[in-house]
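Colleague: Hey, I've got this one open on my screen. Can you walk me through it in plain words?
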Amino acid sequence: MAEPFSGTDTVQFRFRDDEAVDHAAVTVDAFLGQSNASAVRIEPGDDARALLPQIGQLRLVEVNFPSFMDGRGYSSARILREAGYTGELRAVGDVLIDQLNDLRRCGFDSFQPDQPLDAEDAARAFAVWPEVYQPAADARIPIWAKRHGH
Amino acid sequence: MYRYDSYDQTMVDARVAEFRDQTRRRIDGKLTEDQFKPLRLQNGLYLQLHAYMLRVAVPYGTLSSAQMHALADIADKYDRGYGHFTTRQNIQYNWIKLEDAPDILADLAKVEMHAIQTSGNCIRNISSDQFAGAAADEVVDPRPYAELLRQWSSFHPEFLALPRKFKIAVIASETDRAAMRLHDIGVKIVRNAAGELGAAFYVGGGMGRTPMIGPLIREFVPLDQLITYSEACLRVYNRYGRRDNKYKARIKILVHELGADEYKRQVEEEFAHLLTLGIEPPLAELERIKTFFVDPPFEKSASDDLDRSDPDFALWVDRNCTPHKQPGYIAATISLKAVGGIPGDASAAQMHLMAELTERYSFDECRVTHAQNIVLPHVRKADLYALWQQLDEAGLATPNLDLIGDIIACPGLDYCSLANARSIPVAQKISQRFAETGKGDMLGELKLKISGCINACGHHHAGHIGILGVDKKGTENYQLLLGGSEGADTSLGKITGPGFDEDGIVAAVETAADVYLAQRQDGERFLDTYRRIGMEPFKEALYG
Ligand code: SF4
């Protein structure tokens with residue numbers, strides 16, 4: 001199929017050891033209409049839950065952030081992780097330093113920013129919180145659990 | 001009151017370090033203003049007409065004397081010696097330099113305070129009843145639930161880029177003193193028929209250009225599902241709230257467009273799913289928090305007697321003090337509405353004094369009210385006269401709580417870049433006029449609220465009399481609204497008709513007050529008379 005999306009196609013940060021999927025992601029509509037793709041791209045208005053019946057065949061889900069101000073992708077990511085999706089979850093688009101940690105907490109494990117990010121600033125951003133107040137899609141133990149010895 | 005443990009302190013300290021780094025990157029040019037804006041907003045820093053404004057969170061309005069002293073020090077050190085208490089029980093400083101902001105946040109962190117999520121499209125500081133823990137009519141103290149929600153909503157990774165800002169209020173009394181149903185979520189702690197505590201959720205209220213009273217979405221959420229239910233409410237909003245139009249992005253529009261029933265259905269579906277994930281803190285955490293909100297050591301045999309021989313004192317007691325659940329005690333409201341003053345403003349010296357009085361007379365605790373006053377919640381009646389004398393000397397004993405002089409006004413065109421018109425001078429003129437004529441005293445309860453534009457930060461829709469600043473072909477113009485109310489009988493004010501200029505609006509308020517004085521029947525407040533006789537007689541007098 002034709003080159004579907006623009007932007008840099010450099011994954012700048014990846015927190016996985018497996019081989020990356022080497023073919024382009026298709027749209028949610030295309031994915032639901034054909035059964036063999038293993039990579040899909042979610043736009044902010046797409047319903048991530050529509051993917052759930054076929055989640056087992058997916059190895060890469062890209063979530064597009066046309067603007068970092070549009071936070072729907074955070075919920076999409078958590079919904080996929082909550083449904084047991086363990087493949088790559090990639091944040092794509094207007095992905096900035098100060099959203100990295102929140103994205104990571106919502107289940108993203110790779111990052112493909114439109115503009116390459118300063119590596120040092122990014123490293124600091126991923127480590128910004130020594131503790132967390134609430135459970136999310138990552139494995140971090142919330143403060144309340146530590147307080148009560150869970 | 002709540003005290004940080006090492007975890008809470010760690011989080012606030014980490015936030016200060018993060019913001020210091022973000023400010024550095026902004027100053028180095030690594031962040032554009034567009035990229036920096038949401039970051040500074042989530043740390044309470046707005047760019048206003050003349051300078052930066054910093055808004056500091058006062059969780060559920062509760063402050064210790066050490067915190068009040070620190071707020072005064074910040075006013076002296078980084079501002080022009082003033083702080084401005086806001087309608088969301090916070091404090092803001094209007095003359096801040098960007099490069100000072102990280103140092104201010106560090107100063108705040110030393111007294112367990114912060115500016116986290118006081119602006120931006122995220123869950124804001126949570127407000128509550130200013131008489132929590134003192135009110136005779138409360139089911140329980142609502143603040144532990146607010147604190148639980150505060151921790152859950154702080155840096156919640158999924159909800160930091162919501163369609164729009166999100167405000168939560170928590171109350172636990174039949175009398176709603178926090179305008180709960182005019183919030184994105186209003187939580188009311190209640191007991192069910194079995195005597196168990198739980199939370200009623202009202203979702204989709206708000207002011208702004210499309211004011212709405214939040215409908216009841218669920219009558220009873222058990223306490224061990226409070227966070228999970230809140231998360232469900234927020235997730236549905238984050239996914240489906242409108243993002244195409246800033247003015248339609250608040251949750252009230254989503255709830256209105258879907259209909260309360262459909263919104264509720266979606267929340268219930270999400271809730272059922274989230275319940276399977278175990279995201280709820282254990283009840284032990286709520287119990288831990290509650291231990292910080294036990295009653296102070298009240299003197300059991302404190303006397304209920306008051307020497308009312310000083311008439312000025314007696315007037316202040318009648319106007320500004322509220323009964324307490326504990327015999328021998330009373331809650332005293334310090335009016336920040338001196339005649340001709342700026343509503344909600346306090347000087348550093350006044351803040352220091354209020355801090356001292358808080359420590360001496362109110363078990364080291366005071367409250368900021370959403371009407372922009374300060375409450376000393378637990379004063380022994382035997383100490384009340386001494387307290388009043390010290391307040392009076394400092395110009396802090398204006399006896400006008402809930403009277404027409406107790407005006408709520410937003411910063412308006414004097415500070416705010418969104419404003420159409422000035423609010424502060426109008427408030428000053430009205431309070432002066434009614435003080436001079438003595439009519440202010442005759443009117444009884446009359447809540448006057450002024451907003452400098454349709455964003456309604458001054459809650460004009462909820463005023464018995466509301467004033468809205470509009471732009472009329474480039475000049476400042478003011479619309480008059482009548483009949484708004486917040487609380488148990490929440491209603492939205494209606495516009496009387498064509499607007500007025502600055503002097504005209506002052507006269508119009510007086511005219512409306514005169515109609516009430518002429519028409520009122522026994523015991524009626526302005527609002528009651530308005531509700532009985534309707535808009536017509538007012539219109540006639542105003543435009544006739
Ligand atoms: S109501 Fe308008 S003018 Fe007043 S503070 Fe809010 S945005 Fe500014």
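Colleague: How much area is buried between chain B and chain A?
Modeller: About 3,700 Å², and carbon and sulfur atoms give 57% of that. Keep in mind that this is a predicted model.
Colleague: Which three residues of chain B supply more of its buried area than any other three?
Modeller: That would be Tyr7(B), Pro157(B) and Arg239(B), which supply 20% of the area that chain B buries against chain A.
Colleague: And how many residues does each chain put into the contact?
Modeller: Chain B gives 49 residues and chain A gives 38.
Colleague: What about charges? How many salt bridges are there between chain B and chain A?
Modeller: The count between the two chains is 14. One example is Arg147(A) with Asp5(B), where the closest N and O atoms are 2.7 Å apart.
Colleague: Which elements of chain B give two or more residues to the side that touches chain A?
Modeller: They are helices: H1 (6-27), H2 (33-41), H5 (143-153), H6 (226-240), H8 (260-275) and H9 (283-290) of chain B. The largest share comes from H1(B), with eleven residues.
Colleague: How do the residues on that side of chain B divide into nonpolar, polar and charged?
Modeller: You get 20 nonpolar, ten polar and 19 charged.
Colleague: Back to salt bridges. How many turn up over all chains?
Modeller: A search of the whole structure finds 77. Asp5(B) shows up again here: its side chain meets that of Arg288(B) in a salt bridge, at 3.9 Å from N to O.
Colleague: Where do Arg288(B) and Asp5(B) lie?
Modeller: Arg288(B) is in helix H9 of chain B, while Asp5(B) is in the segment before H1 of chain B, so the pair ties together parts that are 283 residues apart in sequence.
Colleague: New topic: sheets. What is the strand order in the five-strand sheet of chain B?
Modeller: It goes S16-S17-S18-S19-S20, an open sheet with mixed pairing. Strands S16 (408-409) and S20 (494-495) of chain B are at the edges with a single partner strand each, so one side of each has no neighbour in the sheet. Further in, S17 (448-451) and S18 (465-472) of chain B pair in the parallel sense over four bridges, and Lys449(B) has Gly466(B) as its bridge partner in S18(B).
Colleague: Which helix lies across S18 and S19 of chain B?
Modeller: Helix H15 (502-519) of chain B, running at about 15° to S19(B).
Colleague: And in chain A, what's the order of the six-strand sheet?
Modeller: S1-S6-S5-S4-S3-S2, again an open sheet with mixed pairing. Strands S1 (13-14) and S2 (26-27) of chain A are the edge ones, each with a single partner strand, so one side of each is left without a neighbour in the sheet.
Colleague: How do S3 and S4 of chain A run, parallel or antiparallel?
Modeller: Parallel, with four bridges joining S3 (39-42) to S4 (60-65) in chain A. Val40(A) stands opposite Val61(A) in S4(A).

Definitions and conventions
Residues are numbered from 1 along each chain as its sequence is written. Chains are lettered from A and ligands numbered from 1 in the order in which they are written. This is a predicted model: local features need pLDDT of at least 70, side-chain atom pairs count only at pLDDT 80 or more; totals for chains, interfaces and linings use all residues. Side-chain values use heavy atoms; hydrogens and water are left out. Contact means heavy atoms within 4.5 Å. Buried area is the accessible area (1.4 Å probe) that two parts lose on being put together, summed over both. A salt bridge is a side-chain nitrogen of Lys or Arg within 4 Å of a carboxyl oxygen of Asp or Glu. Ala, Val, Leu, Ile, Met, Phe, Trp, Tyr, Cys and Pro count as nonpolar, Asp, Glu, Lys and Arg as charged, and the others, Gly among them, as polar. Two strands pair if DSSP finds at least two bridges between them. Axes are lines fitted to C-alpha atoms, for helices over the stretch in contact, and angles run from 0 to 180 degrees between N-to-C directions.
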